Amino acid sequence: MQTPEPDGSRSEKPGTGDGEEALLPLCTIIARLRGPEGCAFDRQQTLPSLLEDLREEVYELSDAITQKNLTGAAGEIADLLTVLLFMREILQEQNGLSLTDLFKKATDKMIRRHPHVFSEPDPGKNVQAIWETWETIKKTEEEHQDRKSLLDGVPRSMPALDAAQKLGKKAGRVGFDWPSADDAWEKVIEEVGELSEARHESLERTRQEYGDLLLALSSYGRHLGIRAEEALSEANGRFRDRFHQMEQAAAASGTSLSSLTALQWDRLWVEAKQKEGSGNG
């Protein structure tokens, strides 16, 4: 399979130009850091230890994008790329995976999964048809041969709220879903009732019903186009901001936070919400 020629909108062919010139020195630096005369810390890194760094960098990139900090996002992408190249270096040490192999694998995969662009041009193909083709092609690829279920493609390590919506979305594509947001909301109400009953029975059943309620809420959000993880993150942000305002108000009055009464906490919370201008939550 050959890499398609550029459409003329770029001045250089794919794989050439400034990007490659900058990438190779970085790979050389990483190889030196991992070498016998390199860095003791970097030589100790493993794929599992770098996985933690990778997650942290993704969260930092997410923060930068959410805050519309493009300069910060560029820096986080650079950090993310560095971690990925460290992981690639370890893979090369273990099984000989070269940078060329890695990029060829990615290039071939993108071309193979976009036949409507590269092999059978169809600019008007709708999104649903594109997804169906993508999933069909994925099933033929070697790394996906061991998947026995449509849901196997959802990583078990994915944050739970994101995974809940991804699982629901995949199941919905074959018809297993609530017909509408209103139907999904009825399930939420049902789960609230079951959680209320479970509170008087056992902690284990309460835990199960609590999880079922979160799953139902994720389905309701998905039907409304609300990403559960994002909505909770925004709620966390509001809590942080309001609590910080409460801390400042207490400090200004010379009051110790631990000495506040429930009524004082409530008053400060309401004041923080009013300063925020939302009045919600």
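Figure 1. Lysine 187 and glutamate 191 both belong to helix H9, where four residues, about one turn of the helix, separate them. The model shown here and in the following views is predicted. The side chains of lysine 187 and glutamate 191 meet in a salt bridge, with 3.1 Å from N to O. Lysine 187 also meets the side chain of glutamate 190 in a salt bridge, again with 3.1 Å from N to O. Glutamate 190 and lysine 187 are three residues apart in helix H9, so about one helical turn separates them. As a general principle, side chains of opposite charge can pair when their charged atoms come close. Glutamate 190 counts as partly exposed at 39%, and lysine 187 counts as partly exposed at 21%.

**Figure 2. A salt bridge between aspartate 177 and arginine 222.** In this pair, the closest N and O atoms of aspartate 177 and arginine 222 are 3.0 Å apart. The pair links distant parts of the chain, 45 residues apart. Aspartate 177 is found in the loop between helix H8 (160-172) and H9, whereas arginine 222 is found in helix H10. With a relative accessibility of 31%, aspartate 177 counts as partly exposed. The count for the model comes to 11 salt bridges.

Figure 3. Tryptophan 185 lies in helix H9 (residues 181-198) and tyrosine 220 in helix H10 (residues 203-224), so the pair ties together parts that are 35 residues apart in sequence. Both residues are partly exposed: tryptophan 185 has a relative accessibility of 36%, and tyrosine 220 has one of 23%.

Figure 4. Phenylalanine 239 and phenylalanine 243 form an aromatic pair that is stacked. Their ring centres are 6.1 Å apart, and their planes make an angle of 15 degrees. Because planes under 30 degrees apart count as stacked, the pair falls in that class. Both residues lie in helix H11 (residues 228-252), four residues apart, about one turn of the helix. Phenylalanine 239 is partly exposed, with a relative accessible area of 48%, and phenylalanine 243 is partly exposed, with 30%. Ring pairs also link these two residues with Trp265 and Trp269 into a cluster.

**Figure 5. A nonpolar patch on the surface.** The patch is formed by Trp185, Ile189, Tyr210, Leu214 and Leu217. Together these residues have about 460 Å² of accessible area. Which helix gives the most to the nonpolar patch? H10 does, with three residues, and tyrosine 210 lies in that helix. Both H9 and H10 supply at least two residues each.

Figure 6. The 25 residues of H11 should span 36 Å at 1.5 Å a residue, and the C-alpha atoms at its ends are 36 Å apart, which agrees. Within H11, the residues Ala228, Arg242, Met246 and Ala250 are buried. The cover over the buried residues of H11 includes H8 and helix H12 (262-276). Glycine 254 follows H11, and its phi is positive, near 70 degrees.

**Figure 7. Glutamine 45 in the loop between helices H2 and H3.** Glutamine 45 is placed in the loop between helix H2 (40-43) and helix H3 (47-66). Is glutamine 45 buried or exposed? Its relative accessibility is 10%, so glutamine 45 counts as buried. When residues up to four places away in sequence are not counted, glutamine 45 touches Arg34, Leu50, Asp53 and Ile90. The C-alpha atoms of glutamine 45 and phenylalanine 86 are separated by 8.7 Å, although the two residues are 41 residues apart along the chain.

How values were computed:
Residues are numbered from 1 along each chain as its sequence is written. This is a predicted model: local features need pLDDT of at least 70, side-chain atom pairs count only at pLDDT 80 or more; totals for chains, interfaces and linings use all residues. Side-chain values use heavy atoms; hydrogens and water are left out. Buried means under 20% relative accessible area, exposed over 50%, partly exposed in between (1.4 Å probe, protein chains only). Rings of Phe, Tyr and Trp (its six-membered ring) pair if their centres lie within 6.5 Å; planes under 30 degrees apart count as stacked, over 60 as edge-to-face and the rest as tilted. Patches are made of residues with over 30% relative accessible area and no salt bridge: like charges are joined within 9 Å, nonpolar side chains (Val, Leu, Ile, Met, Phe, Trp, Tyr) within 5 Å. Accessible areas come from the Shrake-Rupley method with a 1.4 Å probe; for residues, only the protein chains shown count as cover. A salt bridge is a side-chain nitrogen of Lys or Arg within 4 Å of a carboxyl oxygen of Asp or Glu. The expected span of a helix is 1.5 Å times one less than its number of residues. Contact means heavy atoms within 4.5 Å.
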